[in-house]
Amino acid sequence: MAVTFPRSAESSPAESPPAGSPRAESAPAAPVAVAPDAVSPRRVTAIVLVLSLAVFMASLDLFIVNLAFPYIGHDFSGTSLSSLSWVLNGYTIVLAAVLVPAGRWADRVGRRRLFVGGLIAFSFGSLLCGLAPDVLALIGARVIQAIGAGLMVPASLSLLLASVPGPARARAIGTWSALGALGAALGPVIGGGLVQLDWRWVFWINLPVGLAGVLLAARVVPESKDEHLRGRPDLAGAGLLAAAVGLLAFALVKAPDWGWGSVRFGGLLLAAVACGAAMVFRSQRHHSPVIELGLLRSRGFSGTFAASILYYAGFGAFVLNSVEFLTGEWHYSAVRAGLAIGPGPLMVLPFARLVAPRLAARIGGAGRVAVIGCLVNAASQLLWLSQMQAHPAYLTHLLPAQLLGGAGVGLAIPSLLSAGSAALPPDRFGTGSGVLNMARQVGTVLGVAGLVAILARASAVDPLLTYQHGTLLIVAFFAAGGLVAAILLTRRAAAAASPAGPAAGEAP
């Protein structure tokens, strides 16, 4: 893996391929222009902030449109809710399908190059969204946005892992993942304010942020890539993987309309499995597969993948359920609902940056902190379930659960990411981060689809009962994520993910 800082090249010893790599015996060592440990703390801070900007923007746009739907529908009269839903679903499906191939491509062509390219595509898509003359054009622009996000998110995490020195990596991961969670949770908050001006500002707000990100990335973020990759990449395998994830996401999105036992839902699942099996078959035989299957043999990596799907299913359903309850049951305006959700996200960053790394060092690994975070989130929803009522009582009933839930998010998300990153060899940062981020998106789609299926059967006699059933679903997802993390991520070896153990991405 080579790391190059513009205009500040210094020589350092060559880095050999990681132990156990299929190229460890035959590939020549790659020169490293500047050792990551030589990066100044000020530069580390700048790198982390620039790279965290990407995941914040991508997560923000996943949920920011929720409160804009009524305003978009008013502008484009005659548009059905089913058509409007594809403004969200199209973004989610394309993003999930692009992440892993993009991570592999970043390892090959250069992570900063792909990061900047993704930011440009995302910003251009945002511009087109704001200019869209109809819903069809808006959905098409959202697809461009999703492609840009799919390029920049795995590249941003792999750049962070490659550029930040080992001792600072745990806190950097905490910042990166916390800002991603913050973006998702603040989506309704920011969206509720911007739609008061014009719903198009929901997308135009990305333009100055994206431009600043491009300029800063070119100035402060070092380039890195896997110098050992040889031969042409497996483009057919990348296409099969994108098709498998896209078909799965599409099936989950349409399940509430078609029915979970319908022939069309089952057919899409079978098609997704077939594409995935074909990708695995090619990966076993191709010299440069889209996913090296050895990654999935790691207990820590595969455990993080499974736990992340379940956790983000709960998280995605939680955000949507909060918005729907406040606007539907308590009849809050878009602005008021956004402000009511706001205190929870404010808890995320301090718990992710300060509490989670220290707790991981004290109790023996990030995996154990992830279990605690999942259980805290489940407990927060059980608390809310016990207090839920039709009459608004925000300060005494909802706010305590929101604050506890924000603390759980700050503990769970960076700890899951640390546990998974610790299992990655340095030359697979891009591919591995793409897989982990794909788990986030598939989980979000699963949770939202499950919640929509419940809300679609709302009782006219007792609508509160519907939201209670949705909350129970969220509790089940969080608890299941905690159980998987407890089984697969809490061995003593998982201490490598904590600040006390080897840095993420380094051998224990």
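User: Where is H331 found in this predicted model?

Analyst: H331 sits in the loop between α11 and α12, the latter spanning 334-341. The model is predicted.

User: What is the phi of H331?

Analyst: H331 is not a glycine, yet its phi is positive, about 60°. Another positive phi belongs to G364, which follows α14 and has a value near 100°.

User: Where in helix α14 does the kink lie?

Analyst: A kink is read as a bend between the axes fitted on either side of a residue. In α14, residues 348-363, a kink of about 35° lies at V355, shortly before the proline P357.

User: Which residues of α14 are buried, and what do they pack against?

Analyst: V348, A352, A356, P357 and A360 are buried in α14.

User: Which helix holds N321, and is N321 buried or exposed?

Analyst: N321 belongs to helix α11, residues 299-328. Its relative accessible area is 4%, so N321 is buried.

User: Which residues does N321 touch?

Analyst: Leaving aside residues up to four places away in sequence, N321 touches L451, L455, Y467, G470, T471 and I474.

User: Which residues form the nonpolar patch on the surface?

Analyst: A nonpolar patch joins nonpolar side chains of residues with over 30% relative accessible area. Here F124, L127 and L131 form one on the surface, and together they have about 280 Å² of accessible area.

User: Where does L127 lie, and what is its relative accessibility?

Analyst: L127 lies in helix α4, residues 111-131. Its relative accessibility is 32%, which means that L127 counts as partly exposed.

User: How many disulfides does the count give?

Analyst: A disulfide is a covalent bond between the sulfur atoms of two cysteines. The rule asks for a pair of cysteine sulfur atoms within 2.5 Å. By this rule the model has 0 disulfides.

User: What are the relative accessibilities of C275 and C374?

Analyst: C275 has a relative accessible area of 16%, so it is buried. C374 is at 0% and also counts as buried.

Conventions. Residues numbered from 1 in each chain as written. Predicted model: local features only at pLDDT ≥ 70, side-chain atom pairs only at ≥ 80, totals over all residues. Heavy atoms only, no water. Buried < 20%, exposed > 50% of the residue type's maximum accessible area, 1.4 Å probe, protein only. Patch = residues over 30% accessible without salt bridge, like charges linked within 9 Å, V, L, I, M, F, W, Y side chains within 5 Å. Areas by Shrake-Rupley, 256 points an atom, 1.4 Å probe, with all protein chains shown as cover. Salt bridge = Lys/Arg side-chain N within 4 Å of Asp/Glu carboxyl O. Helix = DSSP H or I, 4+ residues; strand = E, 2+ residues; numbered from the N terminus. Bend = angle between axes of the 7 residues up to and from the residue. Contact = heavy atoms within 4.5 Å.
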